[in-house]
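Here is a short tour of one structure for a reader meeting it for the first time. Keep the sequence and the 3D view at hand while reading.

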Amino acid sequence: MLYGIFLSVVTCFCWGSTSFLLRGIKGLDASEMSLMRSCGGLLCAVGLVSFVHGADVARLGASEALIFAALVLCNNVIGDVFLFFALHRLGVARGSAIASSYPILVALASYLFFGSPLTLTIITGTLFVVAGVALLCHSDKDEGKLSVSGLAYAFLASIFWAAGLVFNKELLVEGLSPATIVLGRGVTFFTLAFLIWFFRVLVVKKDLNAWRVFLKRDSLYGLLAGICSLGFGAWFYSRALEYVSPAVATPIGASNPIIASILAMFVYKERIRPSQWAGIALAVGGSILVTL
C-alpha cells in the first residue's frame, strides 16, 4: 500500500513536470506537439523495456491491440480535442477545472468494473482534490463565459480521460506488465501522431520543409514532455495500480497542477495567489484522505 502511494506521488511529479513544460511551448501546432510528445514517450518506453523490465510482447493479441488503440484515442486524442474546444468556449480556468473532474469518474468506474473499494474517505478526498485543482486553475484574467456547449465539451474531456485510465487498468488485469503497457501505448500513439502529422504536412499544407520541426527548440520541450508523461508518468502510474486501486492512484496523480505551479513560481517568478494556496492545501489534503 505505502509503495503504491509512493509511486502515485512520483506519477504526480511526472505529470506536473509535463504541464510545466507544455506551458513554455509557443511555436508548435497541435499535430507537431503530438508528434514530439509521442517521440518522447516512445523513446522512454524503449529505454524502460531495455534497462528496467523486458516487455512480454508474446502476450499481446488482437484484444490488447484494441485496448491500446482505445486508450490512446481516449487519453491523447479525443479527450485533448474536447478540452481544446472547452477552453475556447469557457476560458482556460473554467475549462481546465471542469475537465479535471475525471478522478471522480475513475473512482466510480473502478468500483463498478474492478470492485475497488469506494469508501467515504476516498470519495471525500477525491472531491477535495478536484476542488483544489479547480482553485489552482482559477485566474482573475480569465474572460471565458459559461455556455452549454463549453460545459459539454469539458465534461466529455473528463469522461474520455477517465476512460483512458480505466483501459490502462484493464491492461494490467489482462496480465500485461507496466513496461509492456508503456511500450504498447508508445508505439500506438507514435503511429497515430505520425500519420496525422504526415497527412497534414503533405496533403493539407504541402510543406516539404516540415521536417525542420525537429530542429525547433520547442520540439525539445515537447520531447521532454512526452518522456515525463507518456514514458515515466505512464509507467509509474501503471506500477502504482499494481499496489493500489485507481480510486487512490488517480486523485494523487491528478494533483499535478501543484507541481506545475511551484515550478512556475521558481522558474517564471509567478506569484501564487491566496486562492491557489488554498487549492494546494485542498489537493494535498485530498490526496492524503484517499490513502486512509
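## Helices H2 and H8

H2 passes H8 in a left-handed crossing. The model shown here is a predicted one. H2 covers residues 30-51 and H8 covers residues 178-205. Their axes lie 8 Å apart, and the packing angle is about 155 degrees. That angle makes H2 roughly antiparallel to H8.

Which residues of H2 and H8 meet? On the H2 side they include Ser31, Leu35, Arg37, Cys39, Leu42 and Val49. On the H8 side, Ala179, Val182, Phe189, Phe190, Trp197 and Arg200 are among them. By class, the contact of H2 with H8 holds 17 nonpolar, four polar and three charged residues.

## Helices H8 and H9

H8 also packs with H9, a helix of residues 217-240. Here the axes come within 9 Å and cross at roughly 140 degrees. This crossing of H8 and H9 is right-handed.

From H8, the residues in contact are Pro178, Ala179, Ile181, Val182, Arg185 and Phe189. From H9, they are Leu230, Gly231, Ala234, Trp235, Ser238 and Arg239. The contact of H8 with H9 splits into eight nonpolar, two polar and two charged residues.

Compare the two lists for H8. Ala179, Val182 and Phe189 meet residues of H2, and Ala179, Val182 and Phe189 also meet residues of H9.

## Salt bridges

How many salt bridges does a search of the whole structure find? The search finds two. Side chains of opposite charge can pair when their charged atoms come close.

Arginine 37 lies in H2 and aspartate 80 in H3 (residues 62-90), so the pair ties together parts that are 43 residues apart in sequence. Arginine 37 is buried, at 13% relative accessible area. Aspartate 80 is partly exposed, at 26%. Arginine 37 is also one of the H2 residues that meet H8.

The other pair is glutamate 242 and arginine 239. Here the closest N and O atoms are 2.9 Å apart. Glutamate 242 is partly exposed, with a relative accessible area of 41%.

Is H10 mostly covered or mostly open? It is mostly covered: nine of its nine residues are buried. The helix spans residues 246-254. Its buried residues include Pro246, Thr250, Ile252 and Gly253.

H6, residues 120-137, packs with H10. The axes of H6 and H10 come within 9 Å and cross at roughly 20 degrees. The angle makes H6 roughly parallel to H10. H6 passes H10 in a left-handed crossing.

Ile122, Thr126, Val129 and Val133 are the H6 residues in this contact. They meet Ala247, Val248, Pro251 and Ala254 of H10. The residues of the contact of H6 with H10 divide into seven nonpolar, one polar and no charged.

## Two loop residues

Where is aspartate 56? It sits in the loop between H2 and H3. At 22% relative accessibility, aspartate 56 is partly exposed. Leaving out residues up to four places away in sequence, aspartate 56 touches Gly175, Leu176, Ser177 and Thr180. Cysteine 39 is 17 residues away along the chain, and its C-alpha atom is separated from that of aspartate 56 by 22 Å.

Isoleucine 25 lies in the loop between H1 (2-23) and H2. Isoleucine 25 is buried, with a relative accessible area of 11%. Beyond residues up to four places away in sequence, it touches Met33, Asp218, Tyr221 and Gly222. Isoleucine 25 and serine 287 are 262 residues apart in sequence, and their C-alpha atoms are 29 Å apart in space.

## A residue in H7

Alanine 163 belongs to H7, which runs over residues 148-173. Its relative accessibility is 23%, and alanine 163 counts as partly exposed. Between the C-alpha atoms of alanine 163 and valine 213 there are 32 Å, with 50 residues separating the two along the chain.

Technical notes:
Residues numbered from 1 in each chain as written. Predicted model: local features only at pLDDT ≥ 70, side-chain atom pairs only at ≥ 80, totals over all residues. Heavy atoms only, no water. Axes fitted to C-alpha atoms, helices over the stretch in contact; angles between N-to-C directions. Helix = DSSP H or I, 4+ residues; strand = E, 2+ residues; numbered from the N terminus. Parallel < 35°, antiparallel > 145°, perpendicular 65-115°, else oblique. Left-handed = near helix turned anticlockwise from the far one by under 90°. Contact = heavy atoms within 4.5 Å. Nonpolar A, V, L, I, M, F, W, Y, C, P; charged D, E, K, R; others polar. Salt bridge = Lys/Arg side-chain N within 4 Å of Asp/Glu carboxyl O. Buried < 20%, exposed > 50% of the residue type's maximum accessible area, 1.4 Å probe, protein only.
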